[in-house]
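Please follow the named residues and elements in turn as they come up.

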Amino acid sequence: MEPLIATDIKSAGLRAIRLEAAAIQGLERMVNDDFENAVKTIAACRGRLVVSGIGKSAIIAQKIVATLNSTGTPSIFLHAADAIHGDLGMIQQNDVVIIISKSGESPEVKMLVTLIKNFGNTLIGMVGNSRSMLAKHSDIVLDTTVEQEACPNNLAPTTSTTAQLVMGDALAVVLMELKGFGSEDFAKFHPGGMLGKKLYLRVADLYIQNEKPSVNPDETLRNVIVEISKKRLGATAVVDSNQRLLGVITDGDLRRMLEKNEPLDRLNAKDIMNANPKSIAPDALAVDALDNMRKNDITQLIVVSDDVYLGIIHLHDLVREGLI
């Protein structure tokens, strides 16, 4: 095979992508009765789903297991080579087993198939060769046959492993929907990092760490400026004697007021305030507060409950938590 010249790099990359995209498109006809039976069998499993493979298929199996576990389907990975050298005890009586293989004829896979059939576990074969030993001895076959690898020599697992990965994702997504697995369930399994924070971090977790600037509607302009400067949130709420929110005054409101050249000694808080401030409830997700700020091009939101002023959440709070 002749090496690429520079002008061929883009065309070679596009060829690989198009071959893999065509393979994924071809999987649509594989979502058939066998696919439905596989989903129902896994959903009804009283044990775990054991996913096995060897070579590149083993790597795909690990990713599928990770996706299944994070979406509510208890799964474990079993390397086919390790299985026949002592790890077969991982498979319990009520487990369902998926073996992933392009050829379905690898020596380790063939031996593992025989052992699993002897155990009596339900075997699902995700295989790219319908005439293989794996396909013939599986209770359910998920066909991931591809016409051609993206590899120019049609050897390196590329298109075939993409098809396996997509089929695994399809199983996981359908099982999620079948179980009614929602965002709150997802958050339980993803408590750390950015994803977890987006799913569980609430406005109430953040605004309580801030100062609570407020003035009454008759407060002088000087006192308004002092309150905004002292509390360092770029704004202050205007409230009545019962802490009910009447409006908000921001740094921007002050600048716009100064541009009008009005007599400053005659102005009170009620003359400057925005009587329709953007607000948010304390139990709202922090990520919703971020969306609200972005949509309205503002840097803070007033936190209220039944029109009672609780505090302010600032864009800096969301930056600090890594949501931006």
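Leucine 171, if its neighbours within four places in sequence are set aside, is in contact (heavy atoms within 4.5 Å) with Phe35, Ala38, Val39, Ile42, Ile98, Met126 and Leu142. The model is a predicted one, in which local features need pLDDT of at least 70 and side-chain atom pairs count only at pLDDT 80 or more, whereas totals for chains, interfaces and linings use all residues. Residues are numbered from 1 along each chain as its sequence is written, and side-chain values use heavy atoms, with hydrogens and water left out.

**Nonpolar cores**

- Leu171 is also among the residues with the most contacts inside the largest nonpolar core, together with Ile98, Ile124, Met126 and Leu142, and this core has 28 residues.
- A nonpolar core here is a set of buried Ala, Val, Leu, Ile, Met, Phe, Trp, Tyr and Cys residues joined through side-chain atoms within 4.5 Å, where buried means under 20% relative accessible area (1.4 Å probe, protein chains only).
- At least two residues of this core come from each of α2 (33–43), β1 (49–53), α3 (56–70), β3 (96–101), β4 (122–127), β5 (140–143) and α7 (159–179); helices (H or I, at least four residues) and strands (E, at least two) are DSSP runs, numbered from the N terminus.
- A second, separate core of 18 residues includes Ala83, Ile99, Val109 and Val127.

**The sheet of 5 strands**

- The order in this open sheet is β2-β1-β3-β4-β5, with parallel pairing, two strands being paired if DSSP finds at least two bridges between them.
- Because β2 (75–79) and β5 stand at the edges with a single partner strand each, one side of each is left without a neighbour in the sheet.
- Between β4 and β5 there are 4 bridges in the parallel sense, and valine 127 stands opposite aspartate 143 in β5.
- Helix α7 packs on the sheet and touches β3, β4 and β5, its direction making about 135° with that of β4; axes are lines fitted to C-alpha atoms, for helices over the stretch in contact, and angles run from 0 to 180 degrees between N-to-C directions.
- Helix α2 lies across β1, β3, β4 and β5 and runs at about 120° to β5.

**The sheet of 3 strands**

- This open sheet has the order β9-β10-β11 and mixed pairing.
- The parallel strands β9 and β10 (residues 300–305) are joined by 2 bridges, and isoleucine 280 stands opposite valine 303 in β10.
- Helix α14 (residues 286–296) lies across β9, β10 and β11, at about 125° to β10.

Note on methods: Buried means under 20% relative accessible area, exposed over 50%, partly exposed in between (1.4 Å probe, protein chains only).
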